[in-house]
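Subject: Structure handover

Hello,

The structure is placed below, and the notes on what was found in it follow. Please read them with the model open.

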Amino acid sequence: MTAPVTVTPLTGIPEVCEGDDLADVVQVGLDHAGVRLADGDVVVISSKVASKALGLVTHDPDKDRVVRGETEHVVAERAVGDRVTRIVRAKAGPVMAAAGVDGSNTGERGGWLLLPHDPDGVCEQVHDALVARHGVRVGVVLSDTAGRAWRVGQVDFALGAHGLRVLDDLRGGTDADGKPLEVTTRAVADEIAAAADLVKGKVAAVPAAVLRGLPGILVDEPLEAHPRGRDLVRTGPGDWFGHGRVEAVRAALGIEPGSPEAAAVGVAPAAGDTRLDAVSRAVRAALHGVESGTADVGRLSVTLGAETSYELGRLVSRLTTALWCEWLVGEAGPPSADGLSAVVHVAGAPTT
């Protein structure tokens with residue numbers, strides 16, 4: 001029989017300042033909530049208070065420059081008004097919007113808060129201090145908020161973790177009907193972070209919570225030998241979605257997202273695009289690297305020209321490819337008699 005799980009908000013925590021000890025911050029919340037830590041508890045702390053305590057704040061007015069400094073590489077980008085929003089792999093580890101750079105709930109200090117580059121290390125320090133103080137075995141999760149590629153809205157996830165199982169690998173077992181489980185690996189630390197956010201969050205100004213009632217969630221010594229928050233990030237061949245739809249095609253055409261070349265081609269807007277703008281971006285992408293190429297752009301067709309039939313073929317191929325990532329389809333007509341020009345007809349891509 002499954003036991004109940006409780007989530008208790010740690011209220012009464014004042015504004016956190018640079019230099020504050022995070023274990024002391026948690027203790028204030030424990031005392032105010034009347035909670036005494038017990039074996040098996042998991043303490044969840046919002047990354048924002050860790051950033052404040054560690055002094056990870058900048059007052060650089062150029063947010064784009066700040067985001068670039070916290071970025072490993074750009075995954076996707078869209079124009080929103082006069083700004084460009086970028087989904088990036090952050091130096092803190094995960095893929096998220098703007099590398100986690102955040103200007104909300106910064107207190108009187110203002111500026112932009114940055115994520116710690118070693119969130120697991122932050123959790124380890126808090127964990128060791130709480131264990132020494134309370135004499136019990138606990139887990140610690142540092143949570144942050146991010147969107148999900150296939151779902152609307154944001155949820156909290158485990159940016160860092162220490163002392164607990166971050167994954168529950170059920171592969172090799174069976175389900176309730178006795179059928180073999182082949183792919184199921186629960187991201188337990190993320191589930192814990194999301195559950196904790198139900199009682200804390202940006203609006204309520206409650207930066208920490210305690211989860212109780214998860215038997216077997218803690219790991220044995222040596223704790224650092226077990227997977228932690230960074231191990232939940234897909235990387236290398238395991239990352240099937242290293243670029244967005246547009247960015248993957250453009251990268252194949254020699255235009256990496258976030259680069260000056262991408263800016264020159266133009267960043268697609270998040271909403272409110274026009275057919276002519278989309279075709280024009282695709283044409284600029286096609287012309288990139290084809291020095292002899294020319295293009296006469298219309299909404300329904302593009303007339304391409306080049307100095308050789310080989311260059312024309314390259315240009316036609318690049319344009320039809322670039323149109324695809326703009327949700328358009330290009331159909332090339334026969335080349336001119338001299339083989340140096342061709343018309344590509346443009347239509348909307350079929351939808352399902």
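**Cavity**

There is 1 cavity of 30 Å³ or more by the rule used here. A cavity is a set of points, on a 1 Å grid over the protein atoms alone, where a 1.4 Å probe fits but cannot get out; lining residues have an atom within 4 Å of a point. Grid points are joined across faces, edges and corners, and a volume is the space filled by probe spheres set on the points. The largest cavity holds about 40 Å³ of space. Its lining consists of E77, R78, V246, E247, R250, P257, V267 and A268. Strand 4 (71–80) and helix 6 (245–252) are the elements that each give two or more residues to this lining, and helix 6 gives the most, with 3 residues. Helices (H or I, at least four residues) and strands (E, at least two) are DSSP runs, numbered from the N terminus. By class the lining has 4 nonpolar, no polar and 4 charged residues. Here Ala, Val, Leu, Ile, Met, Phe, Trp, Tyr, Cys and Pro count as nonpolar, Asp, Glu, Lys and Arg as charged, and the others, Gly among them, as polar.

**Basis of the values**

This is a predicted model, in which local features need pLDDT of at least 70 and side-chain atom pairs count only at pLDDT 80 or more, while totals for chains, interfaces and linings use all residues. Residues are numbered from 1 along each chain as its sequence is written, and side-chain values use heavy atoms, with hydrogens and water left out.

**Whole chain**

The chain has 9 helices and 16 strands. Its C-alpha atoms fill a box of roughly 85 × 55 × 30 Å, taken along the principal axes. Of the 352 residues in the chain, 42% are buried. Buried means under 20% relative accessible area, exposed over 50%, and partly exposed in between (1.4 Å probe, protein chains only). Contact means heavy atoms within 4.5 Å. Among contacts between residues at least 6 apart in sequence, 61% join residues at least 24 apart.

G254, in the loop between helix 6 and helix 7 (260–265), is partly exposed, with a relative accessible area of 44%.

**Cores**

A nonpolar core is a set of buried Ala, Val, Leu, Ile, Met, Phe, Trp, Tyr and Cys residues joined through side-chain atoms within 4.5 Å. The largest one has 40 residues, and L37, I45 and L130 have the most contacts inside it. Helix 1 (residues 22–33) gives the most to this core, with 5 residues. Apart from it lies another core, of 27 residues, including V246, V290, L315 and L319.

Leaving out residues up to four places away in sequence, I45 touches V26, V126, V140, V141, L142, S143, P207 and A208. V141 belongs to strand 8 (residues 139–148) and is buried, with a relative accessible area of 0%. With the same exclusion, the residues that V141 touches include V42, V43, V44, A158, A161 and L164. The C-alpha atoms of V141 and A161 are separated by 4.4 Å, at 20 residues apart along the chain.

H127 lies in helix 4 (residues 119–134) and is buried, at 7% relative accessible area. Beyond its neighbours within four places in sequence, H127 is in contact with V138, V140, H162, G163 and L223.

The 16 residues of helix 9 (residues 309–324) should span 22 Å at 1.5 Å a residue, and the end C-alpha atoms are 23 Å apart, which agrees. The expected span is 1.5 Å times one less than the number of residues. The buried residues of helix 9 are E311, L312, L315, V316, R318, L319, A322 and L323. They pack against helix 6, helix 8 (275–287), strand 13 (294–297), strand 14 (301–305), strand 15 (328–332) and strand 16 (341–348).

**Backbone points to check**

Most residues other than glycine have a negative phi, and most peptide bonds are trans. A98 has a phi near 55°, and A99 has a positive phi of about 60°. A98 is buried, with a relative accessible area of 15%, and A99 is buried, at 2%. A cis peptide bond joins E221 and P222, with omega about -5°. P222 sits in the loop between strand 12 (208–212) and helix 6.

Regards

Notes: 1 Å grid on protein atoms, 1.4 Å probe; cavity = no way out; pocket = protein on both sides within 12 Å on 5 of 7 lines; lining within 4 Å.
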